[in-house]
Amino acid sequence: MARRSGRVLRAYPKLFVFPLIGGLSGVAFIVTLFGSLYVTDSFLQEPGLAVYIALFVAYLVETFIASFFTAALVAATRTVFHGEEPSIRGALAAAWKRKLPLLAWSLIAAIVGVVIRIIESEDNIVARIVAGVFAVAWSVMTYFVVPVIVFRDPSVTEMLKESASTFKNTWGESIGAMGTIDIVTTLLALTGVGLGALTFIVTAGMGTVQLLATVLIGGSTFIFGLLLGKALSGVAKTALFVYATESTAPEYFDDMDFSEFGGDKSSSTGRLGGRLGGSGGGQI
């Protein structure tokens with residue numbers, strides 16, 4: 001999955017634009033939010049309330065930003081799978097058409113995120129275990145939420161139900177393939193850390209040059225690894241979802257035997273393909 005997703009990115013490097021803009025936007029927002037809270041001493045005045053309000057706002061906006069640019073990446077990737085040249089403007093327009101479902105999803109995710117954090121903050125090992133199990137279950141259930149939103153205009157209930165159904169019935173046994181992409185991302189990020197450390201040692205005694213070189217070389221490699229992981233994950237997830245709903249291996253994945261992943265394809269492909277296949281193509 002990682003190699004074939006890499007083929008797509010090499011053929012269409014413009015797909016990197018979406019995780020890049022999304023990442024920069026997210027970092028800018030977080031710095032602005034928590035920087036302003038620190039400057040105004042909000043944490044000191046109302047520690048508990050201020051923290052949870054800030055977390056809710058952070059989760060909400062961060063989820064919306066990430067989901068929006070992931071939706072654009074999914075739309076552009078599906079265009080590639082249809083043998084057409086992706087357009088950055090067209091992909092962003094497709095994501096913007098889904099702004100309300102994306103906002104609804106972000107609101108739900110923010111509420112769930114704060115609830116999980118509150119449970120985790122309890123000084124109780126059982127509460128932490130429950131929070132961890134719930135967080136994993138929530139991640140699994142919402143694994144395909146963004147593709148569902150992109151391919152059609154679902155209600156809140158439908159987006160969660162169809163995401164969970166797609167994962168359970170079709171791709172429940174393929175999560176290991178996506179785990180490989182996480183490994184690739186981690187290795188690239190660690191490479192950045194290693195290069196940064198090596199640069200720091202080689203430039204020892206150079207003062208400002210040492211610091212700048214370490215941050216530039218190590219930091220850029222680390223960030224590139226994270227962005228590549230986001231892009232690979234978006235492409236691979238789209239490929240999985242397209243096959244699940246259309247029963248056809250997408251371009252660049254046509255030499256791959258999807259049937260080896262297991263799962264009950266008959267139950268979800270027919271149901272989802274009928275509802276998603278017809279509406280998705282024209283809108284994207």
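Tutor: Let's begin with a term: a residue is buried at under 20% relative accessible area, exposed at over 50%, and partly exposed in between, using a 1.4 Å probe and protein chains only. This is a predicted model, where local features need pLDDT of at least 70, side-chain atom pairs count only at pLDDT 80 or more, and totals for chains, interfaces and linings use all residues. Residues are numbered from 1 along each chain as its sequence is written, and side-chain values use heavy atoms, without hydrogens and water.

Student: Which residues of α7 are called buried?

Tutor: Ala127, Ala131 and Trp138; buried stands for under 20% relative accessible area.

Student: What makes the buried residues of α7 line one face of the helix?

Tutor: Down the axis of α7 they fall within an arc of 40°, so they share one face. The arc is that of the directions from the helix axis to the C-beta atoms. An α-helix has 3.6 residues a turn, so residues three or four places apart point the same way.

Student: Which exposed residues does the face turned away from that buried side carry?

Tutor: Ile125, Val126, Ile129, Val133 and Val136.

Student: How do you know that the span of α7 is close to the expected one?

Tutor: The expected span is 1.5 Å times one less than the number of residues. Helix α7, residues 125–141, has 17 residues, and its reach of 24 Å from first C-alpha to last is close to the expected 24 Å.

Student: What is the secondary structure of the protein chain?

Tutor: It comes to 12 helices and zero strands, where helices are DSSP runs of H or I with at least four residues, and strands are runs of E with at least two. Of the chain's 284 residues, 43% count as buried.
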